[in-house]
Every structure is written in C-alpha cells, then in structure tokens.
Amino acid sequence: MPSGRIIKLVVFEFLEFAAFSIPTLVTAEQFATAYQGTRAAHEKTHYWLIVSCSIAFVASVSLLIWVPIKVLLYKKPQLFRKMKGWRPVMMMCAVLTTLPSFSFSIAMIKVQMDVKDFVTLLPYPLPDLPVSLVLTSLIVVDIIEKLRTYPLRGKQKSNEDRYIHITTLQQMKTVTDQGRENEGNPATSQPPNRTGALRPPVAMTQSPAPELAGPQEPSFQSGILRMMSRQDVRAEIFLWSFLLWSDTVEMVRGVAGHPAVYGSGWVYPVYIFSFISVLRIIFTPQNPLLNSLGILLQDLPFIFVRLSLIIALGTITPVLGLCKNVLVTLSYVYFNYLTRYRVFSTFEF
C-alpha cells in the first residue's frame, strides 16, 4: 500500500496539472464557439481547427516544459532550494496558462464586437465560466504550493506556541552571548562608576513619550469559546489566498464583464493590467519585495485604470476599490519612506 506522502504527491500533481491545462482548453473552446457564430451553421472546420490547435498547444507545453521541470525539481531538490524568492511552477502557470487564456478571452470579445447584431447583445454580460476558471485554477495552484510544506493530517502548532518557542531561544542565546562577553572582558562585568564622571547621553535621560495601550486580546482556556478560537495556518492559507486576489477578480470579472467596458476599447487595458497584477503570484509568500511589488504591479496601475473608467464611463467600478488602492499606496509610501525624513519624524502624532 502506498504511503501517505506518495498519495499526497500524486494528488497534488494531478490537481496542479489539471489547473494548468484545463483553463486554456475551455477558453479556446469558448473562442471557437464565438468564431463559429460568425460563419455558416454547417461549417465546423474553423471550430475544430481552433480546438485542435489549443489541444496541441497544451500538449506541447506540458511535454516540453511542465513535465521536464517537474521531474527535475523532484529528482534534484537541492536545485529547488537554490531558487530564492520565486516559484517556477507559478511562473509556468502565469505565462503558459493565464496569458493564453486572457488572450483567447480578448479575441472572443473582439469576434463578438465584429458581429452586426452585437449592439443588441450589449445588455448581457460576458460568460463567467472562462474568467472564473482561469483565476480559480491559479489560486488552487498557489494553495497547493503553499501546502506542500505542511502535513495534511495531525494537529498543527499554533502561532503563539511557535512565537513563545522562538522568543525563548532568542533570550537563551542573548544571555549566553552576554556571559561569554563578560568572561572574555572582565572590565565590563564591574559595576558602573558612581562618582558621576560618566553620564549617560541627554537623550537617554529624557523620559520616553507615553504610549497608548491598545485593547487586550481575550484568551479562552476552556469551553466552546476555546473551540471557536482555534487557528490553524493550513486553513488560513485557503482564506488569504482567495482574499489576496479579490481585487484582481473584481477587475477582470466585474469591470471587464460590464457591457460598457467590453463593448469598447477599455477592455484591453483592464485585461493587460490585470495580467500584470497576476505576476505577483510568481514570488514566494515571504519575499521581502512582495509588498513593494504589490504596489507597483497592482495598486498603482489600478488607481489610473479605475479613475479613468470612472471619468469616462461613470461608476462602473466600485469606488471602494479605488479608495482601497489609493489608501494602500499612500500608506505604503508614507510609513516606509516619508517617515524617515526629519520633518515627518520630529513630532509624534
């Protein structure tokens, strides 16, 4: 009987390959159906030609790129450890799945716009299946890549226990290092001079500014409240993976699917900047550059796109989304860069 580790590997690889290949096939079939609508009903040549080309594309990139890289990473795990800050699997999904799928979606819109009676179809939104399938598959692969380092069975230690363990080790290390320094330099272990010859700096003698105490977090030790307060990082991976891409999902599905957007040329910048925001998924979750890349690849471009759409077409995009992009960008710039200047750090507000 195969072990749980092998079963986990097989299931994860099957789900990732399905998420890698199915979106391109579905969006290509949708494009073929839209293109077939512009031809005679009895002519199926163009339909099957587009479908067969999409199948050949998926098979080619799977056999030439996906499978060799997967086998290489499995056979040589030390090669995977040398890749710092980015994930090759997410790069393949973003470039070889999301990009062709978005391209087929734009081509399908272009074909429908060329139909004579397209104006009568404007009140109806675009089909939800292709876009939702592409983004859901991308999020599923992201979740799987994050779950690989966690066991799927058993109890996961809480963040509080991990924090206490790390803090205790740091305190033990600090005390040990201080003892070694005192042994190496006996003069430092003598009591300080009480004659007043050595005075501390003026800044050290000033009393620190009082800090406002925030509300205390509750702690439950028993009962149903303790059961409701349980937290597991594996469950939080699913939650934050979907919340992280809510802005992109709203832009692609809610804004691009609006008749006033896909019936005009605004659909192209919406899809282009949405794909640029998807490139954030290539980087590891703990990458120090992820916050700044989130501003440069998503929030800052979305400000200009949403503001332009509101000016040109009205409030077809939620104002809440625009406020979110503006506030996130301004807070990042202020707290990370402006507070380093004297004019913003002299007084405490």
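Leaving aside its neighbours within four places in sequence, E16 is in contact with W66, K70, V89, V141, I144, E145 and R148. The model in which these contacts are found is a predicted one. E16 is found in helix 1, and, because its relative accessibility is 0%, where buried means under 20%, E16 counts as buried.

Helix 1, which comprises residues 4-36, also holds T24, and this residue too has a relative accessible area of 0% and is therefore buried. When the neighbours of T24 within four places in sequence are left aside, the residues in contact with T24 are F57, V58, L96, T97, P100, S101 and F104.

The packing of helix 4 against helix 5 was examined next. Two packed helices are described by the angle between their axes and the distance between the axes. For helix 4 (residues 88-113) and helix 5 (residues 128-147), the axes come within 10 Å and cross at roughly 175°; since angles over 145 degrees count as roughly antiparallel, helix 4 is roughly antiparallel to helix 5. On the side of helix 4 the contact is made by V89, M90, C93, A94, T98, S101 and F102, and on the side of helix 5 by V134, L135, L138, V141, D142 and E145. Sorted by class, the residues of this contact between helix 4 and helix 5 are nine nonpolar, two polar and two charged. Among the residues that make this contact are V89 of helix 4 and V141 and E145 of helix 5, and V89, V141 and E145 are also in contact with E16. Likewise, S101 of helix 4 takes part in the contact with helix 5 and is in contact with T24.

Helix 9 (residues 233-244) has 12 residues, which at 1.5 Å a residue should span 16 Å, and the C-alpha atoms at its ends are 16 Å apart, in agreement with that expectation. Within helix 9, the residues V233, R234, I237 and S241 are buried. Seen down the axis of helix 9, the buried residues fall within an arc of 95°, so that they line one face of the helix. An α-helix has 3.6 residues a turn, so residues three or four places apart point the same way. The cover over the buried residues of helix 9 includes helix 5.

The loop between helix 8 (224-228) and helix 9 contains R230, which, at a relative accessibility of 65%, counts as exposed. R230 lies 10 residues from F220 in sequence, and the C-alpha atoms of R230 and F220 are 9.8 Å apart in space.

Technical notes
Residues numbered from 1 in each chain as written. Predicted model: local features only at pLDDT ≥ 70, side-chain atom pairs only at ≥ 80, totals over all residues. Heavy atoms only, no water. Helix = DSSP H or I, 4+ residues; strand = E, 2+ residues; numbered from the N terminus. Buried < 20%, exposed > 50% of the residue type's maximum accessible area, 1.4 Å probe, protein only. Contact = heavy atoms within 4.5 Å. Axes fitted to C-alpha atoms, helices over the stretch in contact; angles between N-to-C directions. Parallel < 35°, antiparallel > 145°, perpendicular 65-115°, else oblique. Nonpolar A, V, L, I, M, F, W, Y, C, P; charged D, E, K, R; others polar. Expected span 1.5 Å × (residues − 1). Arc of directions from axis to C-beta.
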